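Q: Hi, could you walk me through this structure and answer a few questions as we go?

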Amino acid sequence: MVFTGGRGASSASSGGRSASGAKTFDDLRTYMQDHYGIAVDHSIDKLDFETVKQGIAGVDDVLKQLPQLRQSIKTISADMSTTAYAFARARYGANGLEFSLHLGGWAYGSSTKMRDSLKRDGTFHPANMDARGIMSHEVGHIAEFTIAKKHGSSAGESFRYIKKQTYATKIVGDACKDVKRTSYGRGKKNDQLVSGISGYASRNRSEALAEAVGDYMTNGSKSNPLSQSIWAKIKNELG
């Protein structure tokens with residue numbers, strides 16, 4: 001069984017200090033393997049290096065702030081058939097739950113296609129979203145998956161939590177309650193607050209959580225107040 005959360009429409013010994021410092025695809029592989037135990041597949045070598053580097057830097061950004069996720073992601077690869085910018089996958093197999101990240105070939109295969117597409121999308125995405133922010137969004141899905149895994153008494157139960165968006169719904173709902181106590185959120189309904197993050201956040205609560213992560217990692221203190229509250233609750237849930 002598979003659940004997918006997507007985002008639609010150095011030195012040889014250490015790999016360097018950050019993914020953004022990589023000079024080659026092999027540098028990216030070495031860095032992610034040495035720092036996080038993540039295997040970066042050679043399929044990414046078909047894509048645009050600078051765009052891929054920014055995407056993996058987005059993964060690195062989140063993992064540095066949420067070290068609890070360091071053991072959650074097994075692989076990063078390219079998917080040449082997807083129409084999404086990228087997607088995260090939770091697979092329930094013989095070895096239990098396994099999580100992976102996938103870069104859309106059409107988006108990360110060009111230095112301009114993603115940029116132009118995001119520009120056309122306008123407020124469907126958080127402000128200033130780019131290749132780096134897209135992959136931060138995907139790690140937001142991994143955070144949701146990891147929280148579900150933490151609370152499930154078995155792999156099967158955790159997978160059901162993921163499919164039902166149990167913890168995404170709880171986190172977003174609790175964050176909305178907090179934001180409603182502020183001048184920004186007073187008098188607004190939950191769906192209004194969620195749509196303030198982006199149009200895509202309104203798709204469902206799983207995407208709202210992931211969009212909040214992308215927004216926060218891209219815009220920091222200037223991100224939407226709900227994004228900041230969701231981010232704080234994710235950190236609290238992961239402990």
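**Loops, rings and packing**

A: Helices here are DSSP runs of H or I with at least four residues, strands are runs of E with at least two, and both are numbered from the N terminus. This is a predicted model, where local features need pLDDT of at least 70, side-chain atom pairs count only at pLDDT 80 or more, and totals for chains, interfaces and linings use all residues. Residues are numbered from 1 along each chain as its sequence is written, and side-chain values use heavy atoms, with hydrogens and water left out.

Q: Thanks! Is N128 buried or exposed?
A: N128 has a relative accessible area of 57%, so it is exposed. The cut-offs are under 20% for buried, over 50% for exposed and partly exposed in between, using a 1.4 Å probe and protein chains only.

Q: What is phi of N128 near?
A: Phi of N128 is near 65°, a positive value in a residue other than glycine. For background, most residues other than glycine have a negative phi.

Q: And what about phi of Q165?
A: Q165 also isn't glycine, and its phi is positive, near 55°. Q165 lies in the loop between α6 and α7. With a relative accessible area of 15%, Q165 is buried.

Q: Which residues are buried in α6?
A: In α6, residues 155-164, the buried ones are G156, S158, F159, Y161 and I162.

Q: Switching to rings: how many aromatic pairs does a search of the whole structure find?
A: The search gives 7 aromatic pairs. Rings of Phe, Tyr and Trp (its six-membered ring) pair if their centres lie within 6.5 Å; planes under 30 degrees apart count as stacked, over 60 as edge-to-face and the rest as tilted. One of the pairs is F99 with F145: the centres are 5.4 Å apart and the planes are at 50°, so this pair is tilted.

Q: Where do F99 and F145 lie?
A: F99 lies in strand β5 (residues 96-104) and F145 in helix α5, so the pair ties together parts that are 46 residues apart in sequence. Both F99 and F145 are buried, with F145 at 0% relative accessibility.

Q: What about the rings of Y161 and Y167?
A: Their centres are 5.3 Å apart and their planes at 85°, so Y161 and Y167 form an edge-to-face pair. Y161 and Y167 are both buried.

Q: How do α5 and α7 pack?
A: α5 and helix α7 (residues 166-179) pack at an angle of about 110°, with their axes 8 Å apart. Axes are lines fitted to C-alpha atoms, for helices over the stretch in contact, and angles run from 0 to 180 degrees between N-to-C directions. α5 and α7 are therefore roughly perpendicular, a label for 65 to 115 degrees; under 35 is roughly parallel, over 145 roughly antiparallel and the rest oblique.

Q: Which residues make the contact?
A: From α5, E144, I147, A148 and H151 take part, and from α7, Y167, A168 and I171. Contact means heavy atoms within 4.5 Å.

Q: Last one: which residues does M32 touch?
A: Not counting residues up to four places away in sequence, M32 touches G37, I38, V40, I56, V59 and I76.
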